[in-house]
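I opened this notebook to record what I looked up in one model. The entries go from the whole chain to single residues.

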Amino acid sequence: MTDQQIEEAIQAKGLNAPRLIPESIDVVIKSSDYFRVANTTTTICALTLMNNYVVVGKSAAVSMANFDEELGRKIAFADARERIWALEGYLLKEKLFNASN
């Protein structure tokens, strides 16, 4: 499921407790930088967050014949962005915990 499909399913079920939404993730991304490991199909995406913490994602094609730089960047970005969910989820849980104590 895409982020949008998941969000639509959550909305349809009326689930409205504090939670992360896709925009919660996108808003904390300040910039992105991409690096390709020389002579390989490996692409690294470094997402710098608003607090200057850097989250890294990667992609790699098995065969050089299948390597596409634009696609590699998109996959590496998605990998890095996915890692932000866990960080932001922890942060939200910590805020909720502290508010309840």
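**Basis.** I worked from a predicted model, in which local features need pLDDT of at least 70 and side-chain atom pairs count only at pLDDT 80 or more, while totals for chains, interfaces and linings use all residues. I number residues from 1 along each chain as its sequence is written, and side-chain values use heavy atoms, with hydrogens and water left out.

**Fold.** I noted three helices and three strands in the protein; helices (H or I, at least four residues) and strands (E, at least two) are DSSP runs, numbered from the N terminus. Read from the N terminus, their order is α-α-β-β-β-α.

**Dimensions.** Along the principal axes, the C-alpha atoms fill a box of roughly 55 × 30 × 20 Å.

**Burial and surface.** I recorded 24% of the 101 residues as buried; buried means under 20% relative accessible area, exposed over 50%, and partly exposed in between (1.4 Å probe, protein chains only). The protein exposes about 7100 Å², of which carbon and sulfur atoms supply 58%; the areas come from the Shrake-Rupley method with a 1.4 Å probe.

**Contacts.** Of the contacts (heavy atoms within 4.5 Å) between residues at least 6 apart in sequence, 42% join residues at least 24 apart.

**Strands.** Which strands does β2 pair with? I found β1 (residues 29-36) antiparallel to β2 over seven bridges, and β3 (residues 54-59) antiparallel to β2 over six bridges. Two strands pair if DSSP finds at least two bridges between them. Ser31 stands opposite Thr48 of β2, and Leu47 has Val55 in β3 as its bridge partner. Strand β2 (residues 43-49) is mostly covered, with six of its seven residues buried.

**Hairpins.** The hairpin of β1 and β2 has six residues between the strands, and Asn39 takes a positive phi near 60° there. In the hairpin of β2 and β3, with four residues between the strands, I noted Asn52 at a positive phi near 75°.

**Ala17.** Is Ala17 buried or exposed? I found Ala17 exposed, because its relative accessible area is 52%. Ala17 lies in the loop between α1 (3-12) and α2 (22-26). Its C-alpha atom is separated by 24 Å from that of Ile29, 12 residues apart along the chain.
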